[in-house]
Amino acid sequence: MDIISKYIDTIKAVEPKADIHVSDDTVYATVSSSKLRDLAKAIYWDMNCFFRTCAGSDERSINGFYALYHIFGDDNNGLNIVLKVYADPNNPTLPSIVDIVPAADWCEMEARDLLGIEFSGRKQYRLILPPYWPKDLYPLRKEVSYDVKPQVIISSEKVGFWDKTSAGVAIPIGPYHPALHEPEYFELYVEGESVVDVRYRGFHIHRGIEKLGESKLTYQQVNFVAERICGICGFEHSVCYAQAIEKAAGIEIPERAKFIRSIVLEVERIHSHLLWIGVAVHLLGYDTGFMHTWRIREHVMIIAEMLTGSRKTYGINLIGGVRKDINEEKKQRVLDVLKIVEKEFTELVKTMVDVPQIMKRLKGTGILPREDARKLSVVGPTARGSGLDRDVRRDLPYAAYGYVDFNVPVYDDGDNLSRFLVRVDEVYESISIIRQLLDQLPQGPVMIEEFDIPEGRMAVSVVEAPRGEDIHFVITGRGKPYRWKVRAPTYQNIPALRVMLRDQPLADAPLTIASIDPCFSCTDRVFIVDKNGYKKRLDPILYRWR
Amino acid sequence: MSLKDMRRSRLGFLRALVIAGRSGRVTRRYPYEEPLVTSDFRGKIDIDETKCIGCGACVNACPPNALELINTRDGYISLRYFVGRCIFCWRCIDVCPTGAIKGTREFELATDDISDLYDIIVHEPNRCRECGKLFSTKRMGDYVVTKSPLVENYVDLDPDCRRNRFLKAIENRFGGRVG
Amino acid sequence: MIEYLVFSIVFIALSLLIPPLMDGIERKIRARVHSRIGPPITQTWYDLLKLFEKELVIPEGGLHIIILSLLYVMLAILTIVFTVSMVLMGYHYVLIVIITLFLFVQAIFTTIPFITSNPFAIIGASREVILALVNEVFFVIILGLYMYFTGSPGLLLGSTSLLRASVILLVITLFVSAYVASGRIPFDIAEAEPELASGALIEFSGPILGIFMYSNFIKRLFVKLVPSMLILLPFINNRLYLLIGSFVMAIILWMLYGLIAALLGRTRVDIAPTSILKIYIPFITVSILLYLTGY
């Protein structure tokens, strides 16, 4: 029997009254909250799915309840499975699945912070919002306006406020630290030079993008906001959002647009990996490698500007296609640059690998064992470096990836060197993909002019960002999305850091943190903008060392 | 490529000198040299005030609200472009019906006087021939008439007067009162 | 006699002015390896002067840090002053004084960060201690063996008895020790910026940081002068020419070490001692064997 029927049977076996409908590559099942845990176990462990994310939604204006969507993914068969449960509007409480699915930890707490859904059977804590945020103000509820500014007294969080069971001296890395490019806070507990435990406190730059997308913007405008979720991997967020709306509304975009999207996605992947390689060797003190990697990356940035009009935040994506076309001259220029990049990159990687300190410090550090990687559902090069063979471009093909052949590099050691090698290999694969795409580029328009977006449709869209799989979940509304949930890849990878940093020397901590390629702008999502248009940043942690 | 493919040698790191020698110095002496922008670069926009009709299509399309329709004097509508908010996406150029907006490659826009960053295009409003109120813009009226000549009858009535006229016409046609 | 005084003053002035300039040249060399233009040569002097203009912020740990920092810089300056003038004057026990002063300077540099209660500083300083325990101990051993092999605690000008294989091997090992002591990549683990946010120097700012950086530069010149003098000793008869030659060689060495530092990555505190010992122990053992067999 085919795989979808198998899922339907599995779900119905646990909850016979489930309301199931299938659309495209997604199985939607509405179930009662009492059967949620059994279903989660059946899908996550028995059917061997991965956990993508969970999204809470305020649907009181539609059906009178709060809803929580748990999204699972079956990569081997290219399916998404969405479990929907309702929560009582007056006292929203749902059973937690975190002991069955450890990867669901953060998204449950996010639903609690932003929507007020309580979870029974687990330890709850404040994740996204700062500790001084008023207790009963839930930003994602529909009655809360997007520009509400509560009266708060900014207070500080103390070192070691989690619990006192950790041993050792607490070393703060962040919120400001030269090794980090964005604000986040890692508290490492060290004994001598060895890290014994680590606590993470992030979300310093939560910007309330989902609320913005649901209140103030129109469908086409959200593309540009989505692109600015991240400065390095922004285009894939924009593609993921556009694909989600196109999937929900049933819009079929022209083939040429799909190819152009894939080409630019791969260009972005090359630039992102080159950036990461430079940063990784910089953290090891080898600045020569850093400078030369970025010198090679400059070629890629120039062709990105030539193809899209801007070095970063390309702005060519719209629902219905792309805004800029490729002509023969640009195609030739891209091929020339790719040849240069490939040659210089090979030479540079060979040189870097010969520097004795780099190999000694990359090998055997920051190990993430395969079982932990599976439990935490990590994504991207972090997963592929630990032996998990996951790549959304191959498993759930989107855009033009169905037309190209490529390998997915997987290494088994789980240390920093494996993740490094995965990214090096992916650069070569991306170059090969771009060449294949340019070869097969079909003629035709690049944009659909007329289309309709009906209300009340749902879709899950998954894209392979340079850092892993990125998920956008949308419910369409009138003129703008009703609910837009973004789960960036780093969101899924950070909980793995706790495993990777244990028992490692302190010197390798920044490198290990960097090896998951953290993109905290993607992970967090508040800027308070006052009426003059100037941004003020919430400053939750005033750290003082005594 | 796997590690085995890369043959490792003891003194391989000296190859960095070869790489550096071959690439020379890549620093660009900006601002004493030209910046590196291609011909496709999207810079700020330029609004042609002779073509703009004040329709507000660009205002609707602009994601960061850099373009706004504001009231400068009683009833006069103006299009204000604030470079400080512009993200250079050029969506306004896409949607402008008259092609009044042109894209440039300018990005060196820093200034210490914020009024430099505002472009304001003031439009002459339409005056309602019945109640004398000011509404919309004259040019918009002319543009709508060229697209659809039928509307010439009521393009110079403000929306309230237009609605009253329509309701009166229904009243006359079907009798009864509109309450 | 008077001309020796004049020369002393000239050389002391040179040794106080040159180190930051050499650091500027090193930055230029590093920039060239990075394919960049890099800052102008006088940039390091400019940075130091700018640091001295800033306000004095008393670090955690109180006023005695400032006093110890002043002591540190005075000792560093004194080391180079003594070296230069003793060589010129032909003092007999010059090598012993050099060892003593250098050990004092290193000891103070390592101790000061421990007094601040910042965990980054403490970790950085403990790394420096581990490195020093290996490197400075061998510095003393090498110079001690040198004095034993040559039979004199001073400098034997122009003596061909210094052209023995055992002595030359010792001096070569001293060149390696000079590299490690100069705190460059791969051995700048005490101040690893991405790992420890400036490590040992994290609590210092403004004039105190200026003092520390300046002392580090002087120390770098000093550790290069010593092996330069010893290697040139068999070939030069005149004290003045010896000093000139050593300065020139130290400058060339500085540029060479800067080039090497640009080509390597940073090591780790547990790997560093073993990699250093893998060089020292064989070299010294061979040197001792050569001496015992009469070479």
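Q: How many residues does the contact take from chain B and from chain C?
A: This is a predicted model, where local features need pLDDT of at least 70, side-chain atom pairs count only at pLDDT 80 or more, and totals for chains, interfaces and linings use all residues. Residues are numbered from 1 along each chain as its sequence is written, with chains lettered from A and ligands numbered from 1 in the order in which they are written. Two residues are in contact if their C-beta atoms, placed from the backbone, lie within 7 Å. By that rule, the contact takes 10 residues from chain B and seven residues from chain C.

Q: Which helix of chain A gives the most to the side that touches chain C?
A: Here the contact takes 27 residues from chain A and 23 residues from chain C. Helices are DSSP runs of H or I with at least four residues, strands are runs of E with at least two, and both are numbered from the N terminus. On the chain A side, five residues come from the top contributor, α8(A).

Q: How many helices and strands are there in chain C?
A: Read along the sequence, chain C goes α-α-α-α-α-α-α-α-α-α. That makes 10 helices and zero strands.

Q: What radius of gyration does chain C have?
A: The radius of gyration is taken over C-alpha atoms, and the globule rule is 2.2 Å times the number of residues to the power 0.38. Because chain C has 295 residues, a compact globule would come out near 19 Å. Chain C agrees with that, at 19 Å.
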